[in-house]
Amino acid sequence: MADAIELNRLFWHSRRGMLELDVLLVPFVKEVYPDLDAEDQARYRKLLECEDQDMFGWFMQRGEPEDADLRRMVRMILDRVQPK
């Protein structure tokens, strides 16, 4: 379980200054991240180390990360916002 200090830090790291990313990442870190297992939490932190332009392309589905961990996290975030 993530502690309050870590969640606050991740909240600020999730704010990217690009609206398209902010609307995906900020709600995810607030609503989903605390309940993720340790492996998925690590995958999310790894995602935050990526360049904004790369993430933008992945979330706009113009490509996928080569890294399987990042692919899993991008899919998890997109699955939350896309109608089934």
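1. Helices H1 and H2 are roughly antiparallel to each other, a label given to angles over 145 degrees, while under 35 degrees counts as roughly parallel, 65 to 115 as roughly perpendicular and the rest as oblique. The axes of H1 (residues 4-14) and H2 come within 9 Å and cross at roughly 170 degrees. Axes here are lines fitted to C-alpha atoms, for helices over the stretch in contact, and angles run from 0 to 180 degrees between N-to-C directions. On the H1 side the contact is made by Leu7, Leu10, Phe11 and Ser14, and on the H2 side by Asp22, Leu25, Val26, Val29 and Lys30; contact means heavy atoms within 4.5 Å. These residues divide into 6 nonpolar, 1 polar and 2 charged (nonpolar: Ala, Val, Leu, Ile, Met, Phe, Trp, Tyr, Cys and Pro; charged: Asp, Glu, Lys and Arg; polar: the others, Gly among them).

2. On provenance, this is a predicted model, in which local features need pLDDT of at least 70 and side-chain atom pairs count only at pLDDT 80 or more, whereas totals for chains, interfaces and linings use all residues. Residues are numbered from 1 along each chain as its sequence is written, and side-chain values use heavy atoms, with hydrogens and water left out. Helices (H or I, at least four residues) and strands (E, at least two) are DSSP runs, numbered from the N terminus.

3. H2 also packs against helix H4 (residues 52-59), at an angle of about 75 degrees and with the axes 10 Å apart. That makes H2 roughly perpendicular to H4. Glu20, Leu21, Leu24 and Leu25 of H2 meet Asp52, Met55, Phe56 and Phe59 of H4. By class, this contact has 6 nonpolar, no polar and 2 charged residues.

4. The count of salt bridges comes to 9, each being a side-chain nitrogen of Lys or Arg within 4 Å of a carboxyl oxygen of Asp or Glu. One of them joins Arg80 and Glu31, at 2.5 Å from N to O. Arg80 lies in helix H5 (residues 68-81) and Glu31 in helix H2 (residues 19-31), so this pair ties together parts that are 49 residues apart in sequence. Arg80 counts as partly exposed, at 35% relative accessibility (buried is under 20% relative accessible area, exposed over 50%, partly exposed in between; 1.4 Å probe, protein chains only).

5. A network of salt bridges links Asp40, Arg43, Lys46, Asp67, Asp69 and Arg72. Within it, Arg43 and Asp40 meet at 2.5 Å, N to O; both lie in helix H3 (residues 38-48), 3 residues apart, about one turn of the helix. Arg43 counts as buried at 19% relative accessibility, as does Asp40 at 4%. Asp40 also forms a salt bridge with Arg72, the closest N and O atoms being 2.7 Å apart. Since Arg72 lies in helix H5 and Asp40 in helix H3, that pair ties together parts 32 residues apart in sequence. Arg72 counts as partly exposed, at 41% relative accessibility.

6. Leu70 is found in helix H5 and counts as buried at 8% relative accessibility. Its C-alpha atom is separated by 7.4 Å from that of Lys46, 24 residues apart along the chain. Not counting residues up to four places away in sequence, Leu70 touches Arg43, Lys46, Leu47, Cys50, Trp58 and Pro65.

7. The structure holds 3 aromatic pairs. Ring pairs link Phe28, Tyr33 and Tyr44 into a cluster. Rings of Phe, Tyr and Trp (its six-membered ring) pair if their centres lie within 6.5 Å; planes under 30 degrees apart count as stacked, over 60 as edge-to-face and the rest as tilted.
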